[in-house]
Amino acid sequence: MNLNEIIEHRRNVKPKFFTGETIPDSTVSTLLSSANWAPTHGFTEPWRFVVFSGDSINSLASFQSELYKSSISKELYKDLKYEKLKINPLLASHIIALVVEKSVGTKISLVEEIVATSCAVQNILLSASTQNIAVHWTTGGMTYMNEMKTFLGFTEKDQVLGFLYLGKSPEHIKKEGRRLSTIENKVIWRK
Ligand SMILES: Cc1cc2nc3c(=O)[nH]c(=O)nc-3n(C[C@H](O)[C@H](O)[C@H](O)COP(=O)(O)O)c2cc1C
């Protein structure tokens with residue numbers, strides 16, 4: 001496949017479609033190496049990744065589900081959400097927490113560092129797609145809570161962008177992509 005085809009065929013695959021197969025750490029390292037080639041304003045290279053595998057996935061699952069339980073009001077609490085936060089991570093071979101470490105003493109804004117890190121994440125997604133690794137990007141957990149930043153080893157100035165759940169899945173190649181609107185509706189040409 002050429003690059004355009006790789007981009008077009010990349011799909012988000014939910015963990016319920018994962019086979020349970022373990023991905024070698026070395027393969028995950030390859031994906032992370034691609035991330036490091038993202039563009040970066042002022043070379044702040046703000047992307048940080050916390051990689052969970054093995055027992056540490058259980059810790060993440062317990063942490064996020066208990067954080068949900070303790071931080072939500074009784075009226076809004078949903079058993080199903082608690083169970084999903086606790087069980088879904090266990091379906092993944094690896095989970096990569098996506099973090100922007102805001103640079104200190106530079107003129108580069110948090111927005112720019114979020115954008116640079118998003119480019120790094122796309123590199124991971126495309127690299128994974130070429131290696132038949134299924135990826136689910138989720139922000140559905142406790143992504144935006146300060147407690148999560150602390151759990152991951154970061155501080156309030158930093159920004160968590162979510163989690164990539166990695167696995168093997170036949171859905172990776174089967175799934176049809178869809179967009180609600182064509183690119184023509186999103187582009188203004190001025191000549
Ligand atoms: C910033 C971001 C956050 C996302 N969060 C979630 C999420 O919480 N749950 C989910 O099911 N998918 C999430 N996704 C994945 C999208 O659902 C998915 O990209 C979209 O359905 C388009 O499908 P495709 O990536 O296969 O083209 C997220 C994607 C992005 C870019």
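Select Leu98 first. Leaving out residues up to four places away in sequence, Leu98 touches Phe49, Thr117, Val121, Val160, Leu161, Gly162, Phe163 and Leu164; contact here means C-beta atoms, placed from the backbone, within 7 Å. The model is predicted: local features need pLDDT of at least 70, side-chain atom pairs count only at pLDDT 80 or more, and totals for chains, interfaces and linings use all residues. Numbering starts from 1 along each chain as its sequence is written.

Buried means 20 or more other C-beta atoms within 10 Å of the residue's own, exposed 12 or fewer, and partly exposed in between, with C-beta atoms placed from the backbone. Helices (H or I, at least four residues) and strands (E, at least two) are DSSP runs, numbered from the N terminus.

Now select α2, residues 25–35. Its buried residues are Val28, Leu31 and Ala35. They sit on the same side of α2 because they cover an arc of only 60° around the axis, taken from the directions from the helix axis to the C-beta atoms. The buried residues of α2 pack against β1 (47–53), β2 (94–100), α5 (110–130) and β4 (159–167). Turn to the face away from the buried side for the exposed residues Ser26, Ser29 and Ser33.

Move to the ligand. Around it are Arg11, Asn12, Trp137, Thr138, Thr139, Gly140, Gly162 and Gly177, a residue being near if its C-beta atom, placed from the backbone, lies within 6 Å. This shell has one nonpolar, six polar and one charged residues; Ala, Val, Leu, Ile, Met, Phe, Trp, Tyr, Cys and Pro count as nonpolar, Asp, Glu, Lys and Arg as charged, and the others, Gly among them, as polar.

Then pick Thr150, in helix α6 (residues 146–152). Is Thr150 buried or exposed? Thr150 counts as exposed because it has 11 C-beta neighbours inside 10 Å. Its C-alpha atom is separated by 38 Å from that of Glu176, 26 residues apart along the chain.

Finally, show the protein chain. There are seven helices and four strands, and 29% of the 191 residues count as buried.

Technical notes. Contact = placed C-beta atoms within 7 Å.
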